[in-house]
Amino acid sequence: MLKGIGASPGIVLGKALVIEDTELVIERKMITDCETEISKLRSAVEVSKEELTKVKEKALAELGEHEAEIFEAHLLVLEDPELVESAVSKINDEKVNAEFALNEIKEMFVSMFESMDNEYMRERAADIKDVTNRVLRHILGVKVVDLADLAEEVVLVAHDLTPSDTATMDKKKVLGFLTDIGGRTSHTAIMSRTLEIAAIVGLNDATKEIKDGDFVVFNGDTGEVIINPDEETISTYTKLKTDFEEYKKALELLKGQATATTDGRHVELAGNIGTPGDVEGLIKNDAEGVGLYRTEFLYMDRSDFPSEEEQYEAYKAVLEGMAGKPIVIRTLDIGGDKKLDYLLMDEEMNPFLGYRAIRLCLDRKEIFITQLRALYRASVHGKLRIMFPMISSLEELLQAKEVCEDVKSQLKAEGIAYSDEVEVGMMIEVPSAAVISDVLAKHVDFFSIGTNDLIQYTCAVDRMNQKISYLYNQFNPAVLRLIKMVIDNAHKEGKWAGMCGESAGDQLMIPILLGFGLDEFSMSPISILPARKLINSLSFEDMKKFSEEVLSLGTAEEIKAYVEKTFNK
Ligand code: PEP
Ligand code: MG
């Protein structure tokens with residue numbers, strides 16, 4: 001048995017297809033006929049371009065614009081004369097074979113990009129490697145498993161899967177993925193969830209332990225793989241698979257339905273996104289809105305700040321894409337663990353307690369103003385809700401709101417349209433904000449509780465520190481009391497309270513949050529339908545009583561055990 005990180009749920013039984021990373025053997029050969037080598041190189045480049053164009057079109061049709069962009073980048077690499085023409089000159093000047101010349105040029109560019117300060121440029125090294133290896137395989141005539149043309153249903157086992165692998169493969173024949181490397185947020189993991197193909201990543205030596213043709217069974221939730229199982233295990237997994245498929249079918253039936261308790265309390269089920277491309281997944285999972293658009297991704301992986309125009313286009317795309325449903329867009333939340341290469345920041349002892357998010361935006365107003373201008377301009381395209389991250393005092397909230405007013409006056413003076421219906425709210429992720437939420441509630445339209453940070457600040461536990469992760473617990477009674485207090489304080493002022501931290505999509509937390517009176521739950525797309533299924537089966541009155549009982553318990557452990565016992569989990 002192997003154990004990895006469950007990346008995409010599903011129960012799979014099937015035959016393994018192990019994709020070997022065939023090492024390309026490149027030898028230096030002295031040649032006399034340069035023309036033959038050059039034409040070998042050029043025709044390999046042409047074949048690769050044709051392949052990439054096909055892959056790009058397939059990705060565009062099946063996965064969307066965002067996923068297709070990477071192949072456009074690969075095509076650009078091949079069209080760049082710096083690469084191919086440098087290899088041609090090398091063949092002519094040094095009288096060497098095509099594969100050797102191209103490989104040398106590849107290594108030169110890769111090490112140049114890898115040594116750059118800018119993370120975005122460093123990542124381009126991987127693109128250059130991926131695309132030149134494609135050309136090299138054509139020159140060398142190395143056959144690779146054609147994932148687009150699989151003879152039978154298989155479980156793909158690989159060190160890792162490249163974007164080209166996931167884009168080209170015949171999805172009907174791929175039962176699941178098992179990879180040696182990767183975490184929950186690696187490319188393969190994200191793709192497996194988007195494609196809804198069961199997957200386990202980070203298995204370390206799946207490609208060593210599993211042989212081509214082995215029979216494997218795995219659970220994409222728990223991360224367990226069993227190689228060549230006995231009859232009993234096979235029948236257990238077959239039963240699990242049937243149950244899972246029935247569960248999925250039941251979820252499908254929930255699309256288009258309201259999210260409401262058995263006694264008629266409606267709540268809003270929204271999704272968290274990082275880019276406009278993620279809207280597709282929300283629509284597929286029937287999200288009722290966006291509860292958190294983390295705009296920092298617009299600022300990352302590049303060499304300068306995004307312009308007002310570029311931001312406007314991104315916000316507009318999300319507002320239009322969700323066709324009038326409410327969209328919470330969070331203003332820049334940079335700092336802490338999220339850094340920008342082009343924004344020089346001092347080294348800090350405690351970056352999570354440092355110069356970040358709204359603190360940075362109020363200090364560097366020009367950055368904040370550009371973003372707010374783009375947001376207000378986009379507001380005419382849908383139902384926009386602006387949200388500030390990391391507010392820790394009333395002063396900060398009032399200052400941020402003042403900048404909004406300034407921006408609106410600017411736009412008005414310039415004759416640029418914006419909506420008057422934009423709601424302005426804040427995240428509750430700092431305990432000081434939770435404690436004065438009665439005061440803050442008077443000045444906002446809504447709160448959205450960010451438990452990811454609220455837990456770390458309330459319990460003084462770094463959310464990234466594995467060693468003390470046992471202390472990072474959403475069932476901590478102190479955290480639960482704060483959440484209850486925030487929701488009550490919002491309601492006293494007639495405002496709504498949502499949650500966009502991971503806890504909002506957690507099956508064990510949902511009953512408690514529902515009982516607390518939470519109005520909006522925002523989560524990753526894949527958790528939406530399971531959350532609707534659960535909420536629609538619960539009674540609000542019962543959950544109110546249940547959540548009161550939960551609050552009377554003294555430890556996180558007791559609370560978790562009580563929820564598990566009550567809901568048979
Ligand atoms: C949170 O802190 O709960 C949150 C949603 O923000 P992030 O995870 O982006 O810090
Ligand atoms: Mg946060």
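Predicted model: local features only at pLDDT ≥ 70, side-chain atom pairs only at ≥ 80, totals over all residues.
1. Two strands pair if DSSP finds at least two bridges between them. Strand S7, residues 215–219, is joined to S8 by four bridges, and the two strands run antiparallel. Within this pair, Ile 227 in S8 stands opposite Val 216.

2. The hairpin formed by S7 and S8 has four residues between its strands. Which residue of this hairpin takes a positive phi? That residue is Gly 223, with a phi near 85°.

3. The sheet as a whole is open and is formed by eight strands. Their order is S1-S8-S7-S3-S4-S5-S6-S2, and the pairing is mixed. The edge strands are S1 and strand S2 (5–8), each of which pairs on one side only.

4. Leu 2 has Val 225 in S8 as its bridge partner.

5. S7 also pairs with strand S3, which covers residues 11–19. The pairing of S3 and S7 is in the antiparallel sense and extends over five bridges. Here Phe 215 in S7 is the bridge partner of Lys 15.

6. Helix H9 (residues 231–252) lies across S3, S7 and S8, and runs at about 110° to S3. Helix H7 (residues 187–195) lies across S2, strand S5 (174–179) and strand S6 (198–201). The direction of H7 is at about 45° to S2.

7. A further point concerns the packing of two helices. Helix H12 (residues 308–321) packs with helix H14 (residues 365–378) at an angle of about 40°, and their axes are 8 Å apart. Because of this angle, H12 is oblique to H14. The crossing of the helices H12 and H14 is right-handed.

8. Which residues of H12 meet H14? On the H12 side they are Glu 308, Glu 309, Gln 311, Tyr 312, Tyr 315, Lys 316 and Leu 319. By class, the contact of H12 with H14 has six nonpolar, three polar and five charged residues.

Key: Residues numbered from 1 in each chain as written. Chains lettered and ligands numbered in written order. Heavy atoms only, no water. Axes fitted to C-alpha atoms, helices over the stretch in contact; angles between N-to-C directions. Parallel < 35°, antiparallel > 145°, perpendicular 65-115°, else oblique. Left-handed = near helix turned anticlockwise from the far one by under 90°. Contact = heavy atoms within 4.5 Å. Nonpolar A, V, L, I, M, F, W, Y, C, P; charged D, E, K, R; others polar.
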